[in-house]
Amino acid sequence: MTLALAIALCGAAVSMVARRRLVEAVAILVPLVQLALMVGLASQVLRGGTVREVDGWLAADSLSVIVALLTTGIAAAAAIHSVGYLREDMRGRDIDQGPGLRDLRRYYLLFHLFVFTMLVVPLSNSLGVVWIAIEGTTLTSLFLVSYYRTREALEAAWKYVIIGSVGIALALFGTILAYYAAVPVLGLSFDLNWSSLAGVANRLDAGVMRLAFLFILVGYGTKAGLAPMHTWLPDAHSEAPSPISALLSGVLLNAALYAVLRFYSLAVPSVGTVELNGLMMAFGLLSIVVAALFILRQADYKRLLAYSSIEHMGLVSVALAFGGPLGITAAMLQLINHALAKSLMFFSAGHVLLRYETKEIDQVSGTLRALPVSGAFLLVGGLALAGAPPFGLFVSETAALAAGFRAGWGPAALVVLAALVVIFIAFVGHLSRMAFGRPPTDVALGEPLRIGFAPLIATGLGLLMLGLVIPGPLQQLIDGAAKVLGAGS
Amino acid sequence: MTENVLELLGALLLLATFRTVATRRLDGYIEAFVQQSVVLAAIAAVVGWATGTADLYVVAALTLVVKAGVIPVILRRVAAELPTERGVGTLIGPPASIVLSLLLMGLAFFATPSVAVSGTLLNEPPLAISVGIVLIGLLLISTRRHAVAQLVGLLTMENGLFSGAIAIAYGLPLIVEFGILFDILVAVVVVGLLVTLIGREIASTDTSELTRLKG
């Protein structure tokens, strides 16, 4: 874990000084090495339970490992996509020296730091450090969101930082309350580690923990894009460069949701599942419904994807709230599938944006002809994202619904089902309009970015695999995470 | 004795917070924030002395250096770089803001659960004051148009939370407090940079002009 965090910082340092090719190579290499390290960590966790490093400051269990694997995996894909995307985006500018190189270095520097902060979240043991890292994600990604420095991008960045900081402040209050709840049990000087809190979670004061979780849910929920605190999300996701949109959607939202889940696991033993699940259900359902309404009448395809992220964060919350081993497993699967599908979509949408130079759905047509590979991935990925078989999201969404009906949440499950149907129809409508027909005459044909195929294929294959079979080790990790989140108790 | 001193400091903290909503000048916001931070540092020191928690002295010193020293300098620099025509635009004026703040304060006292645990300094921890300050910070963010004023609102929220942490749990572990202060400092630098960028781009830092993204 220490090594994985350290090389992100080394990568950041290299990006400040190196030549362009080296900067790009390091950008791809660092997350790949991190991914390999996380796979190693996963097998360690599977063999021996919670792993601790650096005097207990870092700790990982099944829940952390799942999030860390996703973080590094999506980061690696986004890095490869970035190289192609930026080269194409900055064509006509000299990117080997001068201001072009400076912009490029700044981008990769922030990229490494952003990934670093998002990786600290699942790997840190101290809830205070988790808070600091999540605030850090806002600060490092702020200038990536405003990368294009247009008026809209700056507006999005401003909204992002103000709303995000308010949320973060509320989460700090939740963290303080959790500390306060633990002081009578663990004494004044304990260090706010979740691994020590987990052992005494059933002895914490229920009233204080309930209040703490409410603040955490609203606070980190803001960063996770849960309605009604989601208003920054569509702006930031649509104005950021596409690889960053993929990171925001596929990784940052998970990191924030991980923090909520961690507190959930600490609050369940004292408060009980009924109240906590009620809260998760309320925010989750609202997110799904709000997202469905905006998806229905969306005219901008990057915002379409952003609202779909809100929908999926809602689905994860709702699946968790349905509860039981099936519901929690569905929630974890949904988290993984959404990260894969959404980054796939932002990668291919990025290629479309580079070629068509517009984000309006109406002005894009014939992507299948203009961009045979990316266009196909956009269409198929969109179907997968909307929940069509044989992809992963179909499995996790049906599992979630089954869990809902089984647990007696019938009406809520029906609302979710209705929203999913609406979203499916809207998605297919929007995407088929973009995919078929003739491309506008001023749009050149052919794929500009062969290097960008790799992340598309990787995420696409992952999505297909999870739709057909869940590999044994992953199943074990998910079972472990379900245990952490209180399944079976 | 300690109890009286703390009550006095709590009142001063509130007073400084009310100054932020009462002012019209940009400097006024920054001065009020400095005042607030100095009082906060004093509270940390007094609680540290009364409970014998040495960590809180460090927290007090850090608060003084970062919040009353470095951050105001940065805020002034940002404020100086931005064009401000005739004071700071507000959606609602200071008189109405004060009335609203009083209402919020009442709400805080009414709604904050009594989470007193035996062994704390005051029988009724002044958590309500902290919650009230947080709410007033939110009010500032949502009703002030100038970016620096919104920033002070955010910092006010954070001060409220800090006072809450000290009041109910004698502060967080030192390393966490240190990290949080450092983070706030970085946040102010970064947001200051962003504000300057916006200022250059649209030659006005009135955030009410940032309304193009909808739907």
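These exercises work through a predicted model with worked solutions.

Residues are numbered from 1 along each chain as its sequence is written, and chains are lettered from A, with ligands numbered from 1, in the order in which they are written. In this predicted model, local features need pLDDT of at least 70 and side-chain atom pairs count only at pLDDT 80 or more, while totals for chains, interfaces and linings use all residues.

**Exercise 1. The nonpolar core**

Find which residues touch the most other members of the largest nonpolar core.

Solution.
- Start with the term: a nonpolar core is a set of buried Ala, Val, Leu, Ile, Met, Phe, Trp, Tyr and Cys residues joined through C-beta atoms within 7 Å.
- Buried means 20 or more other C-beta atoms within 10 Å of the residue's own; exposed means 12 or fewer, partly exposed is in between, and C-beta atoms are placed from the backbone.
- The largest core has 274 residues, and A:Val145 and A:Val260 touch the most other members.
- Helix α6 (residues 151-186) of chain A gives the largest share, 24 residues. Helices (H or I, at least four residues) and strands (E, at least two) are DSSP runs, numbered from the N terminus.
- Leaving out residues up to four places away in sequence, A:Val260 touches A:Ile216, A:Leu217, A:Tyr220, A:Gly221 and A:Ala224. Contact means C-beta atoms, placed from the backbone, within 7 Å.

**Exercise 2. Chain A against chain B**

Describe the side of chain A that touches chain B.

Solution.
- The contact takes 37 residues from chain A and 35 residues from chain B.
- On the chain A side, α5 (127-145), α6 and α8 (206-224) each supply at least two residues.
- α6(A) gives the most, with 19 residues.
- By class, this side has 24 nonpolar, six polar and seven charged residues. Ala, Val, Leu, Ile, Met, Phe, Trp, Tyr, Cys and Pro count as nonpolar, Asp, Glu, Lys and Arg as charged, and the others, Gly among them, as polar.

Now turn to chain B itself. How many helices and strands are in chain B?

Solution.
- Chain B has seven helices and zero strands.
- Of its 215 residues, 46% count as buried.
- Take contacts in chain B between residues at least 6 apart in sequence: 72% join residues at least 24 apart.

**Exercise 3. A helix pair**

Classify the packing of α13 (residues 324-356) and α19 (residues 472-484) of chain A.

Solution.
- The two axes come within 9 Å and cross at roughly 120 degrees. Axes are lines fitted to C-alpha atoms, for helices over the stretch in contact, and angles run from 0 to 180 degrees between N-to-C directions.
- Therefore α13(A) is oblique to α19(A). Under 35 degrees is roughly parallel, over 145 roughly antiparallel, 65 to 115 roughly perpendicular, and the rest oblique.
- α13(A) contributes A:Pro325, A:Ile328, A:Thr329, A:Met332 and A:Leu333, and α19(A) contributes A:Ile478, A:Ala481 and A:Ala482.
- This contact has seven nonpolar, one polar and no charged residues.

**Exercise 4. Backbone features in loops**

Locate two cis peptide bonds of chain A.

Solution.
- One runs from A:Ala227 to A:Pro228, with omega near 5 degrees. A:Pro228 sits in the loop between α8 and α9 (232-239) of chain A.
- Another joins A:Pro389 and A:Pro390, with omega about 5 degrees. A:Pro390 lies in the loop between α15 (372-386) and α16 (392-406) of chain A.

Why does A:Glu357 count as exposed?

Solution.
- A:Glu357 is in the loop between α13 and α14 (367-370) of chain A.
- Its phi is near 55 degrees, a positive value in a residue other than glycine.
- A:Glu357 counts as exposed because it has 11 C-beta neighbours inside 10 Å.

Technical notes:
Two residues are in contact if their C-beta atoms, placed from the backbone, lie within 7 Å.
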